[in-house]
Structures are given as C-alpha cells and as structure tokens.
Amino acid sequence: MRKKAAIIGGSMSGLFAANFLQKINWDFTVHEMVPSTLSGRGAGIATYDELAKLVEITTGFSKTLGTKCIDRVVFDNKNIVVSKKHYPQVFTSWQYLYDILLSQINKNKYFLGDECIRIDRKKDCTTAFFKNGKKITADLIIIANGIRSNLKQYVDKNKPEYAGYVGWRGLIEESRLSKKTSKAISDYFCFVLPQNQQFLSYPVAGTGENGLKNGNRRINWLWYKPVNKNDINILLTGKSNKRYEHGIPPQEIKDIFIRKLIEEGKEKLPDTMNELIVKTEQILLQPIYDLKSKRMFKDNVIIIGDCAFTARPHAGMGVTKAALDCYDLTLALKKSNLNNINELLSRWEEKRINESMFLLNKSREMGSYIKEDLSIKMPDNMKVLNETAVSIQDINLYPEKLNLINI
Ligand SMILES: Cc1cc2nc3c(=O)[nH]c(=O)nc-3n(C[C@H](O)[C@H](O)[C@H](O)COP(=O)(O)OP(=O)(O)OC[C@H]3O[C@@H](n4cnc5c(N)ncnc54)[C@H](O)[C@@H]3O)c2cc1C
C-alpha cells in the first residue's frame, strides 16, 4: 500500500514537501488554514542555482525563476556607487514560485480552510485534528505551518525570539519610477548602509505575461531598522488601537510612522531609494525573529521550514532551506519500509539541524550591527556584498556543501 503523509501548511514548505513526496510515490494531502488560494504574500525572493535545481528536480520546471541582476552595488546617500561586485543572480517573487509548485500537484489533495488545531497520539496512531471537524491519520504528519506554528510544540518547545529590529518593505512597479531612478537602480541588487541600518532593493517579475521584461518589472525594497522592545509595541498598535502581537496588517500601520520613514529616508538614503518608499502604495512592516529547534521529529511527526528554523533574512535562505528539508527527507524516506523510520528520521534530523543552525548563526551575525547602539562599527561594504543572499556554494564553512544535492 502507498504510504501517506498529511502536510499542515500550504505555503512554500508544504508545497515543496508535497512535490517531493509525489516524486517518491507517497500519497499526501495538504491542509492550509487560509480559505482562499494564497496570493500576494509580499515579496521578493533571492534565488540560487541550488534552489533552481531543487525546483527542477521536483517539478520539472527548468525555465528561469525570475529577473536577473548582474552586479551588486552599494550607494552612499548622494547616489554615488561606492562599492560594486559582479554576482549574477536571479530574483523571483513568492507568488511566482508558489504558482509553479502548486501547478504540479493534484488540486484534489490541496485543502483550503483546513486549520489544524491539535495533534494527538494514541496507541501508535497519530492524528491531526482540524477546526472544521476533520481528522486525519497518516504514516507521517509534516508540520509546515510557519514561524507562528501552534503545533510545533508537539515536537519542540522553542519559541521565536525578537531580533531587536524590523524590516520595512514594499514593491513598486518599475514603470512608476522616474527615469533617473529607474536607470540608477532597476538592473542592480542595490544596498545603502546608513549607521546601524541596511536598505536594499532588487527587481522582481511584474504581474502579467511579460513581467520579466524591462519596464514591466517591480522593484522590491527592504529597510532594516532597529526598534527596541518598547517601541515595537507602539509600532504594532494599529489605527484601530488594536495591539498586534507579531506583525501588523499594512492598512493598520499608523500614517505617522510612514511619514517618519519618508522623513528619515530623505536624510539617510539617496533620493532614488527614497522615491521607492514615497511611491509604494502599501508599505509592510515585518518584525525580525530568530527561531531554532532542538528536535525536528517526534514519533511520526516532523517539523520543516520556518516552523523548525527561521533565520534572519540576510542569508536569504528561507525557501532554499525549506526545499532542502524536503529533499533530504525524501532521500531518507526512499529507503524506508516504515519499520526503521525512527532511525532514518534521526539521521535526517541531525543533518537538517546542523545546516539550519549554521544558517541561523550566520544570519544573526550578518544582522548584528542592526541595533540601537550608535557606536557600533558598521561592516565593510564588500563584506555585505560578499555575504548577503549568496549561493550556499559561496558561504564559507557551510556544512557539507559539496554533497548538497546528489543527482
Ligand atoms: C523580510 C524577509 C525577506 C525574505 N527574503 C527571502 C529571500 O530572499 N529568499 C528566501 O529564500 N527566503 C526569504 N525569506 C524567508 C521566506 O519567506 C520563508 O522562509 C518562507 O516563506 C517560509 O515558508 P514556510 O512554508 O515554511 O512558512 P510560511 O510561508 O509562513 O507558511 C506557513 C503556512 O501555514 C499556514 N498555517 C498556519 N497555521 C496553520 C494551521 N494551524 N493549520 C493549517 N495551516 C496553517 C499559513 O496560513 C501559511 O500559509 C524572507 C523572509 C522575510 C521576513
């Protein structure tokens, strides 16, 4: 009989898990709590050859994943390029990747509006319970429900820790930029490094058929700024006076904070970058967290993706890490007759924790200067260009990088 997995969470990790399991002929169902097809989740995603390869292995999709930049540059606040690095790289958007991953699985196995509220084990049988009354028992339960998981604790008790800073972010159509700004920034992975902060931008696909064509792209920007624990409470209190715990819906962000952002941009950013902020219709605010795990499985339940480890975004590895969690899992499961599943999952867990802890520590170190301490020494421009969102093959000391994907 075909073995069966129940996957909780239908975003990047959940979809990679489904695609990989399909490859080794496991049956699966995906359960996503949001009631309508997921769309428009922010944002740009930096990609690497290894991510493109993992997408191709699981889905057969071998075209480019997005827009390409050839060079990375650091600007000073007067629009002068002060450092440059040649590093060709593709940038995609969350939506583009989501659509590719979703298109390859049987839609009858992808359930929207299924919020899992509990996982229980009785007499060797593990069951996922859903708010709508569903109950699912499977050979393997895969928890892929993100950093705010209500289910992770079944496997591991660690909770997210606030990193002391936030990312303001936005997407703007290239066609809405002035000629000067578009010429200066649209083809580059751009950085500005004000004291204690980091601003960056890169082009991603626009919406519609010719979204990869110059002029039709969108520019994704991010501004990391320190915010202490008191002030984060104020920032996360919405126009309605509702206090949000971890992230605030964009329409709730108080206008005064957007005005302050633009004012600060005038002082600290080149006018090209500030134009991105001024022209963005919906600015998002994302508090940054670290989340780690001591365990990634218990019984026949595993945790993957952001739910297991969330590293700060500077290594740009969240999606690749999720794909590798699933790739390594299928290598383990391929050999499994389920009698030896504990032993196989132990080895999988050891490898995944090792790599994920490495990325967590690396990203923490990369963001360590973004804190409320004006005396802090800023990193060298070239260090930022050499380390931010680069391929695993270019990350010094990444564990066993030569054996990453054995195809
Ligand atoms: C500012 C920023 C920049 C980033 N840049 C990059 C980048 O350049 N490159 C990169 O690779 N990564 C990047 N990332 C990280 C990347 O976005 C995440 O690693 C990735 O989206 C994690 O996917 P996930 O599926 O594990 O979790 P999520 O995307 O959080 O998905 C979890 C899903 O589970 C669902 N869910 C939650 N609870 C339940 C429940 N009880 N029952 C059923 N469903 C449930 C949710 O609705 C959601 O759809 C960035 C992150 C940030 C914050």
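Reader: Does D124 count as buried or exposed?

Author: Start with the general idea: a residue is buried if 20 or more other C-beta atoms lie within 10 Å of its own, exposed if 12 or fewer, and partly exposed in between, with C-beta atoms placed from the backbone. D124 has 7 C-beta neighbours inside 10 Å, so it counts as exposed. Bear in mind that this is a predicted model: local features need pLDDT of at least 70, side-chain atom pairs count only at pLDDT 80 or more, and totals for chains, interfaces and linings use all residues. Residue numbers start from 1 along each chain as its sequence is written.

Reader: Where is D124 found?

Author: Elements are DSSP runs numbered from the N terminus: helices are H or I with at least four residues, strands are E with at least two. D124 is found in the loop between β7 (116–122) and β8 (125–130). Although D124 is not a glycine, its phi is positive, at about 65°.

Reader: What is R2 in contact with, leaving aside its neighbours within four places in sequence?

Author: A contact is a pair of residues whose backbone-placed C-beta atoms lie within 7 Å. By that test R2 touches N25, W26 and D27. R2 sits in the segment before β1 (4–8), and with 8 C-beta neighbours inside 10 Å it counts as exposed. R2 and W26 are 24 residues apart along the chain, yet their C-alpha atoms are separated by 5.9 Å.

Reader: How many helices and strands does the protein chain come to?

Author: Ten helices and 17 strands. For the overall form, look at the radius of gyration, taken over C-alpha atoms; the globule rule is 2.2 Å times the number of residues to the power 0.38. Here the radius is 21 Å, close to the 22 Å that the rule gives for 407 residues, so the chain is as compact as a globular protein of that length. The C-alpha trace spans about 65 × 50 × 40 Å along its principal axes. Buried residues make up 43% of the 407. Of the contacts with a separation of 6 or more, 71% join residues 24 or more positions apart.

Reader: Which residues touch the most other members of the largest nonpolar core?

Author: In soluble globular proteins, nonpolar side chains tend to be buried together. A nonpolar core is a set of buried Ala, Val, Leu, Ile, Met, Phe, Trp, Tyr and Cys residues joined through C-beta atoms within 7 Å. The largest one has 107 residues, and I7, A17, I142, I143, I302 and I304 touch the most other members. The largest share of this core, eight residues, comes from α8. Take I7: beyond its neighbours within four places in sequence, its contacts include A17, F28, V30 and I142.

Reader: How much of α8 is buried?

Author: α8 is mostly covered, with 14 of its 17 residues buried. For length, the expected span of a helix is 1.5 Å times one less than its number of residues. α8 reaches 25 Å from its first C-alpha to its last, close to the 24 Å expected. Helix α9 (residues 341–366) has 26 residues and should span 38 Å; its end C-alpha atoms are 37 Å apart, which agrees. Among the buried residues of α9 are L345, W348, R352 and L359, and what covers the buried residues of this helix includes α8, β17 (301–303) and α10 (381–387).

Reader: How many residues surround the ligand?

Author: Here a residue is near a molecule if its C-beta atom, placed from the backbone, lies within 6 Å of it. By that test 37 residues surround the ligand, and the closest are G9, S11, G146, G305 and G318. Elements giving two or more residues to the shell are α1 (12–23), β2 (27–32), β3 (44–46), β11 (161–173) and α8 (318–334). α8 gives the most, with four residues.

Reader: Is K183 buried or exposed?

Author: K183 is exposed, with 11 other C-beta atoms within 10 Å. It lies in helix α4. K183 and T272 are 89 residues apart along the chain, with their C-alpha atoms separated by 9.8 Å. T272 is one of the buried residues of α7, and α4 (179–185) is among the elements that the buried residues of α7 pack against.

Terms used. Two residues are in contact if their C-beta atoms, placed from the backbone, lie within 7 Å.
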